[in-house]
Amino acid sequence: MLKPSYPIETARLSLRPFTMDDLEALYAFHSRPDVARFLYWDARTRDETRAALENKIGWAQLREGGDTLNIAAELRETGVLIGDLTLFWRSAEHRQGEIGFVFHPDHHGRGLATEASREILRLGFEDLGLHRIYGRCEARNTPSARLLERLGMRREAHLVENELFKGEWSDELVYAMLRREWNPPEESPGGR
Ligand SMILES: CC(C)(COP(=O)(O)OP(=O)(O)OC[C@H]1O[C@@H](n2cnc3c(N)ncnc32)[C@H](O)[C@@H]1OP(=O)(O)O)[C@@H](O)C(=O)NCCC(=O)NCCS
């Protein structure tokens, strides 16, 4: 069971559950082909974004293995929603979770996805008691791989042509971190 107390504040971000008021801000980046290039979905229409948002709402806590936690990241300075984070509770028995992140390109390259993702790891390890959290990305998704490395995750696998992805065989990278390898942000170089 994971029932975070929201908002979760970091130096520059406020992390909180999604609401229907997030539709336009979410559409602003879910509609972009460059954002969706290495995601399992294609650039979304407004209606598709609304359906995705409806799915996210109500999933701000985890009750049992198999559940998905959806968290919106907004800039504290402006209140604008810029990121969409996920913690999948993959297995209660094996205490495994998976992290996911999608940010608006206008806000890439500032360490904001890293800042938010560290809080997702903290929730998974410290509050949910996970033993291992992993992240997966298409092998050509360099920004995603770099982010997983920046979080301190270990590259455990480079799977070769394991998926038929958007019409072509593609490779996948698997990164992971164990609870005992987790350094809370306060102890990490550069802080939160
Ligand atoms: C994956 C994604 C979230 C990464 O975003 P990002 O902005 O590159 O990630 P970060 O927030 O960690 O920022 C890191 C960059 O900011 C720079 N940076 C600037 N200030 C920083 C700070 N205070 N702390 C850390 N990094 C900082 C880093 O040097 C780094 O740049 P580099 O990769 O050129 O070296 C983004 O590319 C994205 O949304 N992609 C589309 C969706 C997607 O593919 N999601 C992943 C699916 S697997």
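The structure is a predicted model, in which local features need pLDDT of at least 70 and side-chain atom pairs count only at pLDDT 80 or more, while totals for chains, interfaces and linings use all residues. Residues are numbered from 1 along each chain as its sequence is written, and side-chain values use heavy atoms, with hydrogens and water left out.

The protein chain contains 5 helices and 8 strands, where helices (H or I, at least four residues) and strands (E, at least two) are DSSP runs numbered from the N terminus. Along the sequence these elements follow the order β-β-α-α-α-β-β-β-α-β-α-β-β. The radius of gyration is 16 Å, close to the 16 Å given by the globule rule for 192 residues, so the protein chain is as compact as a globular protein of that length. This radius is taken over C-alpha atoms, and the rule is 2.2 Å times the number of residues to the power 0.38. Along the principal axes, the C-alpha atoms fill a box of roughly 40 × 40 × 35 Å.

Of the 192 residues, 49% count as buried; buried means under 20% relative accessible area, exposed over 50%, and partly exposed in between (1.4 Å probe, protein chains only). Among contacts (heavy atoms within 4.5 Å) with a separation of 6 or more, 63% come from residues 24 or more positions apart. The protein chain exposes about 9,600 Å², of which carbon and sulfur atoms supply 47%. Accessible areas come from the Shrake-Rupley method with a 1.4 Å probe, and for residues only the protein chains shown count as cover. There are 27 positive and 32 negative side chains, and the centres of the two sets lie 3 Å apart. Lys and Arg count as positive and Asp and Glu as negative, with His and the chain ends not counted; each charge is placed at NZ of Lys, CZ of Arg, CG of Asp or CD of Glu.

Most residues other than glycine have a negative phi, and most peptide bonds are trans. The peptide bond from Y6 to P7 is cis, with omega near -5 degrees, and P7 is placed in the segment before β1 (8–9). R95, which is not a glycine, has a positive phi of about 50 degrees. R95 is found in the loop between β4 (81–91) and β5 (96–103) and counts as partly exposed, at 45% relative accessibility. E161 also has a positive phi, near 45 degrees, in a residue other than glycine. E161 lies in strand β7 (residues 154–165) and is partly exposed, with a relative accessible area of 47%.
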